[in-house]
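Please examine the structure shown below.

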Amino acid sequence: MNGKVKTVWKLIHSGKKPVSQETIGIIGTGRGVGVTHFTVMTAGYLGGVLRKRCAVLEWNSHGDFRNLRKLCAKEKAQAGCFKVLEADYYERAGIDTLLLCKKSGYQAVIVDYGTVKEGNLEEFLRCDRQFVLGSLSEWQLEAFLEFERKGKKAEKSWKTLVSFGSEEARRNGEKRLNIPIARIPVSVDVFAVTGDTIGFYQQFF
């Protein structure tokens with residue numbers, strides 16, 4: 001039994017059960033649109049402001065959580081599972097990790113699914129809350145619009161967010177797709193919960 005499984009096994013048998021629990025899926029329409037940044041921000045808000053016990057899963061092959069562990073976790077943090085501030089982070093996660101976390105005392109399980117091209121879309125759609133991140137930058141715009149059109153045609157109800165692109169492009173995107181597109185506030189320090197961050201997340205939680 002590896003270190004990650006042992007950690008979750010202890011949580012399962014600790015007797016802690018959440019009053020309520022939800023899975024939050026986050027996925028991008030392309031690389032570099034801010035999925036991991038938004039995932040960590042979300043954990044900061046839910047844990048720091050709403051005081052929820054959070055698990056954060058890296059369900060992709062990007063390896064960003066490994067770098068996060070090396071820079072932000074305690075020196076003795078084991079590969080696979082580590083803690084930063086109020087949240088527990090799981091590297092190289094999959095269905096087994098998700099099921100174990102859902103049986104533990106976590107109130108929120110936040111999953112970074114990477115991009116829609118990585119084959120995780122079906123799992124993403126099973127989440128209780130779904131956030132799609134796109135980009136209004138010229139080289140990423142078409143992939144974003146195409147994915148949203150398909151989602152609208154299939155009557156999917158995820159929340160659509162962007163970090164990049166002009167305000168004019170965001171408004172034009174809303175008109176073309178006939179859906180709301182929320183702009184994620186600028187966050188220089190991903191772990192800092194600001195007034196803008198709180199106001200933004202209050203729309204959804």
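R129 counts as partly exposed at 27% relative accessibility, where buried means under 20% relative accessible area, exposed over 50% and partly exposed in between (1.4 Å probe, protein chains only). The model is predicted, so that local features need pLDDT of at least 70 and side-chain atom pairs count only at pLDDT 80 or more, while totals for chains, interfaces and linings use all residues. Residues are numbered from 1 along each chain as its sequence is written, and side-chain values use heavy atoms, with hydrogens and water left out.

**Salt bridges**

- The whole structure contains 13 salt bridges, each defined as a side-chain nitrogen of Lys or Arg within 4 Å of a carboxyl oxygen of Asp or Glu.
- R129 and E22 meet through their side chains in a salt bridge of 2.9 Å, N to O. Because E22 lies in strand β1 and R129 in strand β6 (residues 129-134), the pair ties together parts that are 107 residues apart in sequence; helices (H or I, at least four residues) and strands (E, at least two) are DSSP runs, numbered from the N terminus.
- E22 is buried, with a relative accessible area of 15%.
- A salt bridge also joins E91 and R92, with the closest N and O atoms 3.5 Å apart. E91 is buried at 1% relative accessibility, whereas R92 is exposed at 55%.
- In helix α7 (residues 167-177), R171 and E167 lie four residues apart, about one turn of the helix. Their salt bridge has its closest N and O atoms 3.9 Å apart.
- R171 is partly exposed at 43% relative accessibility, and E167 is partly exposed at 33%. Salt bridges that share partners join E167, R170, R171, E174 and R183 into one network.

**Aromatic rings**

- There are 17 aromatic pairs, counted where rings of Phe, Tyr and Trp (its six-membered ring) have centres within 6.5 Å; planes under 30 degrees apart count as stacked, over 60 as edge-to-face and the rest as tilted.
- W59 and Y113 form a tilted pair, 5.3 Å centre to centre with 40° between the planes. W59 lies in the loop between β2 (54-58) and α3 (64-72) and Y113 in strand β5 (residues 108-115), so this pair ties together parts 54 residues apart in sequence.
- Both partners are buried: W59 has 12% relative accessibility, and Y113 has 0%.
- F147 and W158 form a stacked pair, because their ring centres are 5.0 Å apart and their planes are at 15°. F147 lies in helix α6 (residues 141-153) and W158 in the loop between α6 and β7 (159-162), so the pair ties together parts 11 residues apart in sequence.
- F147 and W158 are both buried.
- A cluster linked by ring pairs comprises F38, Y45, F131, F200, Y201, F204 and F205.

**Strand pairing around β5**

- Strand β5 is mostly covered, with eight of its eight residues buried.
- Strand β1 (residues 22-28) pairs with β5 in the parallel sense over six bridges; two strands pair if DSSP finds at least two bridges between them. I110 in β5 is the bridge partner of I24.
- β2 also pairs with β5 in the parallel sense, over five bridges. A108 in β5 stands opposite C54.
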